[in-house]
Amino acid sequence: MQATEIIRRTTAERRRDTLERLGSERDIWVSTAHPDHGPHQVPLWFLWDGQAVWMCTGANSATARNVQKEPRVRLALPDSFDVVLLQGEAKCYPAREVPHDAADAFAGKFGWDPRTEETPFLYVCVAPQTVRAWRGVPELRGRVVMRDGAWLE
């Protein structure tokens with residue numbers, strides 16, 4: 001493996017690159033915690049609507065149970081070099097109660113509509129409060145690109 005030089009990006013460049021990835025990637029790692037059973041982490045398909053991440057999971061899954069008891073979550077895009085971590089609180093919507101625009105966009109992106117399944121699904125929406133983005137050690141300083149729900153300049 002050949003090392004490449006990392007050119008430190010500005011906050012605005014990191015924000016731009018993060019938004020591009022949120023709009024184009026398919027999978028996101030979701031970390032939840034149960035008060036008694038501890039941490040749980042799974043990859044889920046996701047949709048970025050420009051303000052929030054929308055995911056869908058079985059209504060009886062560990063992820064669904066966890067976010068209903070403890071809504072604080074951490075999300076991570078699946079790249080250990082170009083790191084993007086989001087933190088926020090999950091809001092849950094049973095498939096029959098999910099906003100139509102979000103569910104339609106999710107179905108359009110993936111060609112799969114959880115609302116039509118026989119088994120119940122739960123939509124999980126996370127509007128990030130904190131976003132961190134960095135590529136390697138040179139970008140560790142200044143990695144916070146969103147704080148308290150507002151993008152930094």
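I began with Thr 32, which lies in strand β1. Helices (H or I, at least four residues) and strands (E, at least two) are DSSP runs, numbered from the N terminus. I noted that this is a predicted model, in which local features need pLDDT of at least 70 and side-chain atom pairs count only at pLDDT 80 or more, while totals for chains, interfaces and linings use all residues. Residues are numbered from 1 along each chain as its sequence is written, and side-chain values use heavy atoms, with hydrogens and water left out.

**Entry 1: Thr 32**

Is Thr 32 buried or exposed? I found Thr 32 buried, at a relative accessible area of 4%; buried means under 20%, exposed over 50% and partly exposed in between (1.4 Å probe, protein chains only). I then looked up its surroundings. Its side chain makes a polar contact with the side chain of Asn 66 at 2.9 Å. A polar contact is a pair of N or O atoms within 3.5 Å; within protein, one must be able to donate a hydrogen and the other to accept it, and residues adjacent in sequence count only if both atoms are side-chain atoms. Leaving aside neighbours within four places in sequence, Thr 32 is in contact (heavy atoms within 4.5 Å) with residues including Gly 38, His 40, Thr 63 and Val 73.

**Entry 2: strand β6**

I turned to strand β6, residues 121-135, where 11 of the 15 residues are buried, so the strand is largely enclosed by the rest of the structure. I listed its partners; two strands pair if DSSP finds at least two bridges between them.

- β5 (residues 82-94) runs antiparallel to β6, joined by 13 bridges; Glu 89 has Ala 127 as its bridge partner in β6.
- β3 (residues 53-58) is antiparallel to β6, with 6 bridges, and Cys 56 stands opposite Tyr 123.
- β7 (residues 144-147) is antiparallel to β6 through 2 bridges; Val 131 is paired with Met 146 in β7.

**Entry 3: nonpolar cores**

I searched for nonpolar cores, that is, sets of buried Ala, Val, Leu, Ile, Met, Phe, Trp, Tyr and Cys residues joined through side-chain atoms within 4.5 Å. The largest has 24 residues, and those with the most contacts inside it include Ile 28, Phe 46 and Leu 86. Among the elements supplying at least two residues each are β1, α2 (62-69) and β7. Which element gives the largest share of this core? I found that β6 does, with 5 residues. Another core, of 13 residues, lies apart from it and includes Leu 47, Cys 56, Phe 110 and Cys 125.
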